[in-house]
Amino acid sequence: GREALGGAGYRIAGGGRGAPGDEHPGAARPHARRRQFEARAAVAAAGLGMFDFDVLEKKEGRVSVDGQLVRHPGEPPGAAGVGEGDEGAAAEAAERAEVLRRAVRQRSGRREPSLAALERWSQCEQARDLIRHFVLEDAVGIGESMRYRDVLRLLRALHWSPVDILTFFLGEGKVLVKADDVAMDVLRAFAGMDGEGDDRMRFRGVYRLLEVLGLDVKSLLRELAEVDYCEEPETPGELVLGKFRMLRGIGSGFNGMCIYRGEHVSTRRQVAIKWPMGKDELEVLKDIERQAPPPFLGLPQLLAHGAYGGKLYMVTELLGSPLTKVLDRLEGRSLEERWRVMRVVGRLLLRRLEAVHACGYVHCDVSPENVLLGPPRGTRGSAAKVPMPSTLSPYLIDFGLAQKHPGGEPLEGDHGSAEWSSVRSAVGARRRPEDDLEALGWLMVNGVFGDLPWFELLSKAYKTWDASRSHRAKAIRRAQEAKLQLLDGGWSSLGDEWLHLASMPPVLDRYIRSCRSDQATGLRPDYAMLSELLGGRAGLSPFDAEQADLRTFQDAVDRLL
């Protein structure tokens, strides 16, 4: 099912991920032009006039407002780049920041929202969930701030480009340096007390910003959720399961809401609760926990389980954003940068799959939605016993389709996520470890190139997925044929629209061919060889390899943010 321990339960309207290089994925450009016109009109209507800003030639390397220096292009945010002890440069940076703050305050002061307007935002859980969609979280629904670059991503989804932001706050001008950087300086100047250092804006500041731009709660809901009222989040009331209290729904499956954020009744520790759930999934997780040796990396920790109202439940640690958010942030990046990120993601997930396979199970549903980010855990338990090199680690979740290997039951081809499933799984058979490993290969291909040739046909098929079994089988078969065509006919064999797939990194090509499930020998996969293909260092213990990969993963995520 499309469920995630920690996934927000609201759909984001508009197009999916755009092609690499699109400035505003999913946004309509006419809307952007309309917003720019409205921004200029709003400034004039406020009686502020047009505030011209000049961006000088790159060779002079500076940005000015009314002739006063605001920012050097390429200069890090705030006063960064000022040498320690260089008081003159520090004073100049502070003066530039103050000039920008005064300019932004002059534009926003007359449009600051009332306390009642801000209260409407704080009371609408749905609006906060929509905003959190643009944030990489290590625990869903807990944080109340976002990075300035993520604020720009939110604004783009609302048809406000960085140039629109500059025009609104500073007036018309010519932008000759990267508009994103200057726009983030404007956001920092706007945030004031609602900022957290140079990097983050509290949600209250985001609410203020949206109101100043003329976007109230209803506007956000219309644009991103296609509703014009704030729905009450689905909550179970004062339901207590064992020692854990349910708080609110955060994820759903085929039969409706089944994932809830909860807390321990005495310690208030935040957790994820799945209820109801199938007996098979619970038994798989219990068995894996019994077998998996420390440090038990990258799998959700089972905190409690039982039955309530005749239905089973389990409690796990609360995790954060799905891997899809990392893939979203790869849009517009170079192929080399995309591959650098996906290669380390591949190594981390390969290690998790190896652990699952060693316990005698096949996951059967490897997909970006079934990988959540969370704080790394060095040993079994609620916290790491040794220092960890990263603040985020990928966790493999949702064992609802997991099967024993050997000896599992056959699964039909429509069981699992067909976008990333193996070629062999489409025919319906007992799943093997190679099926998981090939699915990981398609996930990496997706991360490197964006949407793949069969994504659109599956998206259309899902709208009538329950219409008939033959309808599902046809869609699965067409996706399988497209995958086979790429593997047998070459990465450029699907026509001009997909010629960019010919830029496939040779190592990724070798990986996916090395674990083709339809050519499996029945022998144990060579996980060490596959890891080395993806850049893993030979001879490291699983824990040392994990430490090294988490450092690389953190560096890659920091670059994306």
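Visitor: Quick one on H159: buried or exposed?

Guide: H159 counts as buried, because its relative accessibility is 10%. The cut-offs are under 20% relative accessible area for buried, over 50% for exposed, and partly exposed in between, with a 1.4 Å probe and protein chains only. Before we go on: this is a predicted model, where local features need pLDDT of at least 70 and side-chain atom pairs count only at pLDDT 80 or more, while totals for chains, interfaces and linings use all residues. Residues are numbered from 1 along each chain as its sequence is written, and side-chain values use heavy atoms, with hydrogens and water left out.

Visitor: Okay. Where does H159 sit?

Guide: H159 is in the loop between helix 5 (148-157) and helix 6 (162-170). Helices (H or I, at least four residues) and strands (E, at least two) are DSSP runs numbered from the N terminus. H159 also has a positive phi of about 75°, although it is not a glycine.

Visitor: Then where are the cis peptide bonds?

Guide: One joins W275 and P276, with omega about -5°, and another joins H405 and P406, with omega about 0°. P276 is in strand 11, whereas P406 is in the loop between strand 17 (403-404) and helix 13 (433-449).

Visitor: What's around strand 11?

Guide: Strand 11 (residues 270-277) has six of its eight residues buried, so the rest of the structure largely encloses it. Strand 11 also pairs with strand 13 (residues 311-317), antiparallel, over five bridges; two strands pair if DSSP finds at least two bridges between them. M277 has L312 of strand 13 as its bridge partner.

Visitor: Switching to cavities: how many are there of 30 Å³ or more?

Guide: Five. Here a cavity is a set of points, on a 1 Å grid over the protein atoms alone, where a 1.4 Å probe fits but cannot get out. Points are joined across faces, edges and corners, and a volume is the space filled by probe spheres set on the points. The largest cavity comes to about 90 Å³.

Visitor: What lines the largest cavity?

Guide: There are 14 lining residues, and C364, S421, S422, R431 and A439 lie nearest its centre; a lining residue has an atom within 4 Å of a point. By class, the lining has four nonpolar, six polar and four charged residues. Ala, Val, Leu, Ile, Met, Phe, Trp, Tyr, Cys and Pro count as nonpolar, Asp, Glu, Lys and Arg as charged, and the others, Gly among them, as polar.

Visitor: And P375, where is that?

Guide: P375 is in the loop between strand 15 (371-374) and strand 16 (393-396). P375 counts as partly exposed because its relative accessibility is 37%. Setting aside neighbours within four places in sequence, P375 is in contact (heavy atoms within 4.5 Å) with D138, T391 and Y395.

Visitor: How do strands 15 and 16 pair?

Guide: Antiparallel, over four bridges, with V371 opposite L396 of strand 16. S393 and Y395 point one way from strand 16, P394 and L396 the other way, and all are buried.

Visitor: Last one: what does the whole chain look like?

Guide: The protein chain has 18 helices and 17 strands, and buried residues make up 54% of its 561 residues. Of the contacts with a separation of 6 or more, 69% are between residues 24 or more positions apart.

Technical notes. 1 Å grid on protein atoms, 1.4 Å probe; cavity = no way out; pocket = protein on both sides within 12 Å on 5 of 7 lines; lining within 4 Å.
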